[in-house]
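Please read it alongside the structure shown here.

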Amino acid sequence: MSAWAQHLPALQVGVPLLTTPIIVLLRPHGLSWAAATLTSCFTFFIAVMLTVAVLQGQQVQYSMGAWPAPHGIALSVDAFSAILLLIVTGASTVALLAARQIVNAEIEASRQPLFYTAWLLALAGFVGILVSADAFNIFVFMEISSLASYVLIAGGSDRRALPAVFKYLVMGTIGATFYLIGIGLIYLMTGTLNLADMEVRIREVSDQKPILVAAGFITIGLALKAAVFPLHLWLPNAYTYAPVPVTVFLAACSTKVSLYLLLRFDFFLFQPNLLNHNIQFSYFIMPLAILAILAASSLAMFERNLKRLLAYSSIAQVGYILLGASLVSLIGLTASVIHMFNHALAKAALFLCVACLATRCANLRIDSLRGVAKQMPWTMAAFLLAGLSLIGVPGTAGFISKWYLITAALDEGLLGVGLIVVVAAGSLMAVYYLWRVIEAAYFGKTNEGAEIVGEAPLGILVVCWLVVLSNYYFGLAPSLPTTLSSAAAQILLGQVP
Amino acid sequence: MDWLGVYYYWAFAALLMIGFYAVIAKSNLIKKLIGLSMFQSAVFLLYITMGKIDDGTAPIYHEGISQQIFSNPLPQVLILTAIVVGISTVALGLGIIVRIQEEYGSIEEHEILGIDER
């Protein structure tokens with residue numbers, strides 16, 4: 001590794017964090033967008049470099065200020081964090097590339113530098129969670145990303161975003177505080193905050209009860225932030241009333257990062273050290289995952305607003321991700337991690353189509369989108385193709401993760417058959433709720449008195465198609481996400497890859 | 001186990017639940033935020049108590065002292081950071097409440113939900 005390549009883990013967080021004060025000062029508003037987009041591209045580039053290093057089998061460890069762990073602050077990147085880094089930085093970059101016109105229309109010029117500052121802070125928080133190997137730093141980065149996301153969601157012109165974001169703030173803070181209680185209890189028993197050190201010292205703890213309580217607090221706290229089914233109430237309105245580029249960014253990564261933490265803590269810290277904890281995890285998470293798939297999909301089937309429909313679908317997808325993990329098997333976890341990647345691709349593509357629609361249509365109710373495909377053929381074609389990936393049609397990225405999930409379920413015997421029925425039912429419901437949109441757009445009669453709208457601006461459309469085509473690229477040549485996610489599953493189960 | 005001997009944990013749990021109750025039960029957004037703030041403060045107390053040792057003093061080392069018992073400073077440092085996070089959260093929450101008051105003319109949750117449904 002060359003000299004500066006050693007510092008990649010620190011640069012991954014440092015670059016977006018340190019450019020924020022500059023962006024606040026950039027007054028002509030086009031400039032702040034350009035600076036934010038460049039920074040985001042650069043972070044993506046660093047994530048790619050880190051992934052290459054991980055794929056070559058290097059141990060990417062970093063000690064801040066050369067103070068050795070466990071006393072110094074450690075950063076580390078492995079296959080699991082690398083695939084999430086790609087998702088987060090990639091989603092931020094495509095969302096920013098598409099954001100300019102929509103943000104110009106929705107946010108007045110003087111507030112735009114602040115909006116992009118909040119964006120980069122959210123990005124820095126997310127990547128900070130992923131590279132950090134210290135439980136308390138993870139909490140701080142979690143709060144940085146959450147506070148910045150609240151600002152982003154409330155940043156638009158829709159006043160209904162305000163009560164939605166207040167609810168998100170209250171529930172998000174409760175989730176983070178639960179996490180903090182859990183970390184406190186573990187610190188009380190082990191005297192360390194470094195994750196690797198914690199794992200070693202938990203083994204020596206004689207009284208397991210506080211650790212079990214900590215596991216409960218951390219699981220519930222992170223499930224709240226990840227919108228696991230009965231704790232999802234903050235998500236639909238927050239996604240619906242946020243400015244569309246923010247929805248693209250957050251839908252693709254915010255719940256995934258919390259799920260990453262949930263899996264990392266549970267599999268890395270608790271399952272090897274607590275008696276029967278893998279069974280407890282499975283019995284607790286699996287019913288929630290099944291409920292998420294069935295209940296959220298059925299809510300999406302009767303939803304009239306396109307953005308909220310996709311938000312409910314996101315809650316259902318969190319169910320698929322947890323369903324794979326709750327099997328506690330190598331292939332189940334691989335399915336879980338790969339579905340994080342593929343769902344981020346599909347949902348980013350769908351919300352980018354919504355961004356295209358939002359530039360031309362006054363509101364996003366399915367009724368008012370009747371006949372829109374005649375005027376915006378490229379946008380609706382992209383929506384159709386991205387929808388196929390969300391459903392999991394062969395040839396798309398979504399198919400790969402459903403395939404892994406079904407293969408994992410087949411190992412479970414009779415229970416597995418039931419799970420396959422759930423997955424199939426969820427996919428059929430997805431066919432139905434996406435079909436309602438397609439039917440309205442392609443076969444619906446244009447509303448009387450509706451003004452003639454043209455195709456979306458070329459800039460947004462190109463970004464949208466880029467993401468749609470990557471859905472098909474990773475469906476036909478899935479070696480990158482499958483390699484990373486099977487390595488991630490091995491790490492989680494404690495097998496050296 | 002001596003139940004009263006760990007009275008500080010009881011204080012933590014009681015404060016935590018009072019705050020949590022306010023967040024869930026109150027309709028006024030400011031009262032909700034006060035509850036949230038108490039909820040966070042309870043966790044600060046949990047951290048502070050875990051670092052305290054009987055007869056322990058502030059960990060300032062100087063010559064001539066070798067038999068002194070020190071309290072653990074690390075949880076206090078952590079809580080300084082967490083307090084800053086808590087203040088930012090409350091400040092942002094209050095900012096959102098001000099905006100809600102401007103837009104809706106009310107800070108009662110049930111009234112706000114009613115206004116948008118009409």
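A:Asn276 is partly exposed, with a relative accessible area of 46% (buried is under 20%, exposed over 50%, partly exposed in between, with a 1.4 Å probe and protein chains only). The model is predicted: local features need pLDDT of at least 70, side-chain atom pairs count only at pLDDT 80 or more, and totals for chains, interfaces and linings use all residues. Residues are numbered from 1 along each chain as its sequence is written, chains are lettered from A and ligands numbered from 1 in the order in which they are written, and side-chain values use heavy atoms, with hydrogens and water left out.

**Loop residues with positive phi**
- A:Asn276 lies in the loop between helix H10 (244–270) and helix H11 (277–301) of chain A; helices here are DSSP runs of H or I with at least four residues, numbered from the N terminus.
- Phi of A:Asn276 is near 60°, a positive value in a residue other than glycine.
- A:Ala227 also has phi near 60°, positive although the residue is not glycine.
- The loop that holds A:Ala227 runs between helix H8 (209–225) and helix H9 (235–241) of chain A.
- A:Ala227 counts as buried because its relative accessible area is 1%.

**A buried helix position**
- A:Thr379 belongs to helix H15 (residues 377–391) of chain A.
- Relative accessibility is 0% for A:Thr379, so this residue counts as buried.
- Beyond its neighbours within four places in sequence, A:Thr379 is in contact (heavy atoms within 4.5 Å) with A:Cys353, A:Cys356, A:Leu357, A:Glu455, A:Ala456 and A:Leu461.

**Contact between chain A and chain B**
- Chain A gives 26 residues to the contact and chain B gives 35 residues.
- About 2800 Å² is buried between chain A and chain B, 83% of it from carbon and sulfur atoms; buried area is the accessible area (1.4 Å probe) that two parts lose on being put together, summed over both.
- A:Arg159, A:Phe166 and A:Tyr187 supply 24% of the area that chain A buries against chain B, more than any other three residues.
- On the side of chain A that touches chain B, the elements giving two or more residues are helix H5 (135–154) and helix H6 (161–190) of chain A.
- H6(A) provides the largest share of that side, 16 residues.

**Confidence**
- The model scores ipTM 0.93 and pTM 0.92.
- Chain B averages a pLDDT of 86, and 95% of the residues score at least 70; pLDDT is the predictor's confidence in each residue, from 0 to 100.
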